[in-house]
Amino acid sequence: MFRRNSIYFVAAFLAVLATFVAGPNAALDAAPQHRDQVPGFYRVKVGDLEVTALYDGTGVFDPHWLNGTKATMDGVGKALQEDPQLLDVVDGGFLVNTGKQLILVDAGAGTWWGGGVLGRLAGSLRSAGYTPEEVGIVLLTHLHSDHVGGLTTQDGKRVFPNADVYVAKAESDFWLSPEIAAKAPKDAQPFFQSAQAIAAPYIKAGKWHTFSGSEPIVDGMQLVALPGHTPGHTGYEFSSKGQKILFWGDIIHAQRVQLQHPEVTAIFDIDQTAAAATRNQLLARLAREKVLIATPHTSFFPSLGRLHKDGSGYSWAPVVFTDRWDEK
């Protein structure tokens, strides 16, 4: 009797154990895939400044938008066959919290450029713990729509209602001029139209400001003239406790091509010769001084890194992700 009961007990125990083991495995097998990604922001500390890279989206730079020697462009074509992601480009902007002011450098594309693949900057800003209403200053490197489109909705509303917007006078005078726009080539017309529509509500609200020299706008920030890409293309270099970060606008479009071949220009450069000269001079200085660079167009997010001399060109050392960003 004892032996028969023991057999029954063991059999029952094994059946329960089998059910227990099989149950979790079945649940794991049924787990759905998650299609979303992490929020698009990343913070670094520059002295006392909190700098947050804000993701706006990723597109592809058309190789026909690049101008270089036949040998160089043949090399780009061959490299593209081996690596189709060679010309993938991130678009974005940057938030600088000085402790006193919240400053946005470039605003992404919004719905004005990119055919729907861009326009995430405002969402990235909120994910980073801020709201558009908190931004007090917007600094624009230039007025191409992939840098300013995030300022204004298609129906003419200001995305950053409390922000004063600053841009070089030469830049504003060029893109907002009806006379210049009327004489521009047909392919360039959309740039003028979008710049004028995007700027309009800020001008009407008295929030649009221009600068023409080195006048101070923000404490600890220096204007850096970067001629060639557009008439008033400007960088912003912030310094704090001996550390520097440069927001350089469109010095680079296709990072993995133009760092190795700084002489390669883009069709969007109004003055190709000046753009190439500016790039060559600036890359040499930044590599020598190891300045942290914030670039709206990069192959990697976060769009932050430093330059190293690499043969006749340069290599990009990206900021590496860490959850202890404030100690870097």
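The backbone nitrogen of Gly99 lies 2.9 Å from a polar atom of the Asn97 side chain. A polar contact here is a pair of N or O atoms within 3.5 Å; within protein, one atom must be able to donate a hydrogen and the other to accept it, and residues adjacent in sequence count only if both atoms are side-chain atoms. The model is predicted: local features need pLDDT of at least 70, side-chain atom pairs count only at pLDDT 80 or more, and totals for chains, interfaces and linings use all residues. Residues are numbered from 1 along each chain as its sequence is written, and side-chain values use heavy atoms, with hydrogens and water left out.

Asn97 belongs to strand β4 (residues 88-97). Strands (E, at least two residues) and helices (H or I, at least four) are DSSP runs, numbered from the N terminus. Beyond its neighbours within four places in sequence, Asn97 is in contact with Asp48, Leu49, Glu50, Leu102 and Tyr130. Contact means heavy atoms within 4.5 Å.

Strand β4 is part of an open sheet of seven strands. The order is β1-β2-β4-β5-β6-β7-β8, with mixed pairing. Strands β1 (41-46) and β8 form the edges, and each pairs on one side only. Neighbouring strands of this sheet are turned by 25° against each other on average, direction ignored. Such angles use lines fitted to C-alpha atoms, for helices over the stretch in contact, and run from 0 to 180 degrees between N-to-C directions. Two strands count as paired if DSSP finds at least two bridges between them.

Strand β7 (residues 164-168) has a partner on either side. Strand β6 (residues 137-139) pairs with β7 in the parallel sense over three bridges. Here Ile137 stands opposite Asp164. Four bridges join β7 to strand β8 (residues 208-211), and these two strands also run parallel. In that pair, Val165 stands opposite Trp208. Strand β7 is mostly covered, with four of its five residues buried. Buried means under 20% relative accessible area, exposed means over 50%, and partly exposed lies in between (1.4 Å probe, protein chains only).

Gly110 is found in the loop between β5 (102-105) and α3 (121-127). Its relative accessibility is 16%, so Gly110 counts as buried. Not counting residues up to four places away in sequence, Gly110 touches Asp56, Leu118, Gly119, Gly149 and Gly150. Leu286 is 176 residues from Gly110 along the chain, and their C-alpha atoms are separated by 30 Å.

A second open sheet has six strands, in the order β9-β10-β11-β13-β14-β15, with mixed pairing. Strands β9 (221-225) and β15 (313-318) stand at its edges, each with a single partner strand, so one side of each is left without a neighbour in the sheet. Neighbouring strands of this sheet are turned by 35° against each other on average, direction ignored.

Strand β10 (residues 234-240) runs antiparallel to strand β11 (residues 243-247), and five bridges join them. Two residues lie between the strands of this hairpin, where Lys241 takes a positive phi near 55°. Strand β11 also runs parallel to strand β13 (residues 292-294), with three bridges. In β13, Ile293 is the bridge partner of Leu246. Ile293 also stands opposite Gly305 in β14. Strands β13 and β14 (residues 304-310) run antiparallel and share two bridges.

Phe247 lies in β11, and its bridge partner is Tyr236. Phe247 is buried, with a relative accessible area of 1%. Not counting residues up to four places away in sequence, Phe247 touches Val51, Phe94, Val96, Val105, Thr141, Gly235, Tyr236, Phe238 and Ala294. Tyr202 is 45 residues from Phe247 in sequence and 23 Å away in space, C-alpha to C-alpha.

A search of the whole structure finds one cavity of 30 Å³ or more. The lining consists of Leu226, Pro227, His229, His233, Asp250, Ile251, Asp269, Ala275, Thr278 and Arg279. A cavity is a set of points, on a 1 Å grid over the protein atoms alone, where a 1.4 Å probe fits but cannot get out; lining residues have an atom within 4 Å of a point. Grid points are joined across faces, edges and corners, and a volume is the space filled by probe spheres set on the points.

Key
On a 1 Å grid over the protein atoms alone, a cavity is a set of points where a 1.4 Å probe fits but cannot get out, and a pocket is an open set with protein on both sides within 12 Å along at least five of seven lines; lining residues have an atom within 4 Å of a point.
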